[in-house]
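Thank you all for coming.

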Amino acid sequence: MAGVGPFALPAAKKKVCVWANDLNPESYKSLVANAGRNKFIRASCEDGHSFIRASASLLLNSNRQITLHPKVSRTARTTGNQKAFHQAPTEILNKPRIFSHYVLNLPASALTFLPSFIGLYTGHHHLFSPHTEVKLPLIHVYCFSTKSDDNKAEEAKICGEIRKQLEYEFTGTETAEMEIWDVRDVAPQKRMFCASFRLPAEVAFRKTKTVDG
């Protein structure tokens, strides 16, 4: 879903830790090339369903730091000034253990990936609010729908599909916090939307048959 990095790269350039995945090998190659030596982006080429679950587990059990060094000038690189390559780090940052956002940028089928979030943090409720200040991640899922003057029917349809995929009825408060963004028209009777909502605790911590143990 990450493609060549239209969402991932701008975030990584702002020192936001990003895990970007795309199943298309060519998109993955371009993503890696575009990322260059940026330490804040981790690119992969995996099935999206597997990536959602595996990446959450890997990040949760990781304890890595990002060490930033002063930029080496073009002159230093050209002249081979070794001192420039061995300067003390300017900053050492700790990587987060929990993803704050998930962007599912595959409008034709992104909604069908939502079941992968069921039981994502089973057994780890103590890591989140109200036990800590860490909130469950926000999910931003792109999708297509029809178009109308006020988008009311479309918003109801999208919310209904999210409920169906997560097998969960959102509470009044949760529904109020959900936002449906009108992104753009893609055809005379077709419009792209983005639904943003926080992963419900009942969904994140639900015990399922697919959860190990």
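What follows goes from the sheet to the helices, and then to a few individual residues.

Let me begin with the ground rules. This is a predicted model, in which local features need a pLDDT of at least 70 and side-chain atom pairs count only at pLDDT 80 or more, while totals for chains, interfaces and linings use all residues. Residues are numbered from 1 along each chain as its sequence is written, and side-chain values use heavy atoms, with hydrogens and water left out.

I will start with the sheet. Helices and strands here are DSSP runs numbered from the N terminus, a helix being H or I over at least four residues and a strand being E over at least two, and two strands are said to pair if DSSP finds at least two bridges between them. On that basis there is an open sheet of four strands in the order 5-6-8-7, with mixed pairing. Its edge strands are strand 5 and strand 7, each of which pairs on one side only. Neighbouring strands of this sheet are turned against each other by 20° on average, with direction ignored; for such angles, axes are lines fitted to C-alpha atoms, for helices over the stretch in contact, and the angles run from 0 to 180 degrees between N-to-C directions.

Strand 5 and strand 6 run parallel and are joined by four bridges, with Tyr-102 standing opposite Ile-139 in strand 6. Strand 7, residues 179-187, and strand 8, residues 190-198, are instead antiparallel, paired over seven bridges, and they form a hairpin with two residues between them.

Which residue of strand 8 is the bridge partner of Asp-185? That partner is Arg-191, whose side chain also makes a polar contact with the side chain of Asp-185, at 2.8 Å. A polar contact is a pair of N or O atoms within 3.5 Å, where, within protein, one must be able to donate a hydrogen and the other to accept it, and residues adjacent in sequence count only if both atoms are side-chain atoms. Arg-191 is buried, with a relative accessible area of 10%; buried means under 20%, exposed over 50%, and partly exposed in between, using a 1.4 Å probe and protein chains only. Leaving aside neighbours within four places in sequence, the contacts of Arg-191 (heavy atoms within 4.5 Å) include Cys-143, Ser-145, Asn-151 and Asp-182.

Now to the helices. Helix 5, residues 152-166, lies across strand 6, strand 7 and strand 8, and runs at about 50° to strand 8. In the loop between strand 6 and helix 5 we find Asn-151, a residue other than glycine with a positive phi near 65°, and Asn-151 is buried at a relative accessible area of 9%. Lys-15, in the loop between helix 1 and strand 1, has a positive phi of about 65° although it is not a glycine, but Lys-15 counts as partly exposed at 45% relative accessibility.

Helix 3, residues 48-60, has 13 residues and reaches 18 Å from its first C-alpha to its last, close to the 18 Å expected, the expected span being 1.5 Å times one less than the number of residues. The buried residues of helix 3, among them Phe-51, Ile-52 and Leu-59, pack against strand 1, strand 2 and strand 5. At the start of helix 3, a side-chain oxygen of Asp-47 comes to within 3.2 Å of the backbone nitrogen of His-49.

Two prolines deserve a mention, and both lie in the loop between strand 5 and strand 6. The peptide bond from Ser-129 to Pro-130 is cis, with omega near 10°. Pro-137 counts as buried at 0% relative accessibility, and although Pro-137 and Arg-198 are 61 residues apart in sequence, their C-alpha atoms are 5.9 Å apart in space.

Finally, the cysteines. How many disulfides does a search of the whole structure find? It finds zero, a disulfide being a pair of cysteine sulfur atoms within 2.5 Å. For Cys-159 the nearest cysteine sulfur, that of Cys-143, is 9.5 Å away, and for Cys-194 the nearest is again that of Cys-143, at 7.8 Å. Cys-159 is buried at 15% relative accessible area, and Cys-194 is buried at 5%.
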